[in-house]
Amino acid sequence: MRRTGRTLAARFPRGADASRLYLQCPPGDTPEQWPDERIWGERGARFGADVPTGRIVDKRIVPLRSVVFSPMSHGRLHLLGDAAHIVPPTSAKGIHLALYDTEVFARAIIAKVQKGDPSPLDNYSDTCLSHLWNHQAYAIGITDLMHNAGDASYEGASARRSPERNCGA
């Protein structure tokens with residue numbers, strides 16, 4: 001990852017012959033505005049060097065947003081995973097949180113059906129939310145760190161325009 005006045009650029013290798021690339025772009029941009037040539041040119045400009053090119057197999061704009069619905073339960077409706085909360089992909093916590101919700105919910109259903117104890121199901125939302133908030137804080141922190149290089153006084157042009165920190169390409 002490298003930060004320049006042109007905003008974030010990152011490369012995460014996915015084996016010997018593939019990588020996941022991230023380029024911060026202005027909110028409202030579309031994949032059509034980012035042809036392969038522009039992506040390779042921006043990567044080179046942002047990294048300050050020639051970069052290897054290749055076939056791009058998937059291109060999308062990813063809004064980096066955080067959403068938490070509280071409570072996660074209402075009557076017999078219980079939200080799990082992305083239906084209850086979304087964390088930015090930069091934190092790599094989404095599947096962890098979804099699996100945690102699922103385990104808490106499954107144990108609560110088992111307690112109610114097998115033991116007649118409704119309290120774990122009644123407490124499902126509070127149990128999950130208490131676990132979630134620490135991970136949500138981490139996700140926001142790591143996203144901000146990646147987009148301002150640890151210097152809160154510096155933000156790229158996209159970040160200054162968008163409080164939601166929309167980015168991706």
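The largest pocket is lined by 29 residues, among which Ser 19, Arg 20, Leu 21, Tyr 22 and Asp 58 lie nearest its centre. Strand E1 (9-13), strand E2 (19-23) and helix H1 (36-47) are the elements that give two or more residues to this lining, and E2 gives the most, with four residues. A pocket is here an open set of points on a 1 Å grid over the protein atoms alone, where a 1.4 Å probe fits, with protein on both sides within 12 Å along at least five of seven lines, and lining residues have an atom within 4 Å of a point. Helices (H or I, at least four residues) and strands (E, at least two) are DSSP runs, numbered from the N terminus.

This is a predicted model, in which local features need pLDDT of at least 70 and side-chain atom pairs count only at pLDDT 80 or more, while totals for chains, interfaces and linings use all residues. Residues are numbered from 1 along each chain as its sequence is written, and side-chain values use heavy atoms, with hydrogens and water left out.

The second largest pocket has a lining of 13 residues, and Ile 86, Val 87, Pro 88, Pro 89 and Gly 94 lie nearest its centre. The elements that give two or more residues to that lining are strand E3 (62-63), strand E7 (85-86) and helix H2 (94-115).

The table gives volumes, each being the space filled by probe spheres set on the points, with grid points joined across faces, edges and corners. In its class column, Ala, Val, Leu, Ile, Met, Phe, Trp, Tyr, Cys and Pro count as nonpolar, Asp, Glu, Lys and Arg as charged, and the others, Gly among them, as polar.

| Pocket | Volume | Lining by class |
|---|---|---|
| Largest pocket | About 920 Å³ | 16 nonpolar, four polar and nine charged residues |
| Second largest pocket | About 230 Å³ | eight nonpolar, two polar and three charged residues |

Overall, the protein has five helices and eight strands, which follow the pattern β-β-α-β-β-β-β-β-α-α-α-α-β along the sequence. Of its 169 residues, 35% count as buried, where buried means under 20% relative accessible area, exposed over 50% and partly exposed in between (1.4 Å probe, protein chains only).

Helix H2 has 22 residues and reaches 31 Å from its first C-alpha to its last, close to the 32 Å expected at 1.5 Å a residue, the expected span being 1.5 Å times one less than the number of residues. Leu 97, Ala 98, Asp 101, Val 104, Ala 108 and Ala 111 are buried in H2. They cover an arc of only 160° around the axis, which puts them on the same side of H2; the arc is that of the directions from the helix axis to the C-beta atoms. The face turned away from this buried side carries the exposed residues Ile 95, Leu 99, Arg 107, Val 113 and Gln 114.

In H1, the buried residues are Ile 39, Trp 40, Glu 42, Arg 43, Gly 44 and Arg 46, and what covers them includes E1 and E2, a contact meaning heavy atoms within 4.5 Å. Trp 34, in the loop between E2 and H1, is buried with a relative accessible area of 1%.

Finally, the backbone has some features to note. Most residues other than glycine have a negative phi, and most peptide bonds are trans. A cis peptide bond with omega of about 5° joins Ser 70 and Pro 71, and Pro 71 lies in the loop between strand E4 (67-68) and strand E5 (73-74).
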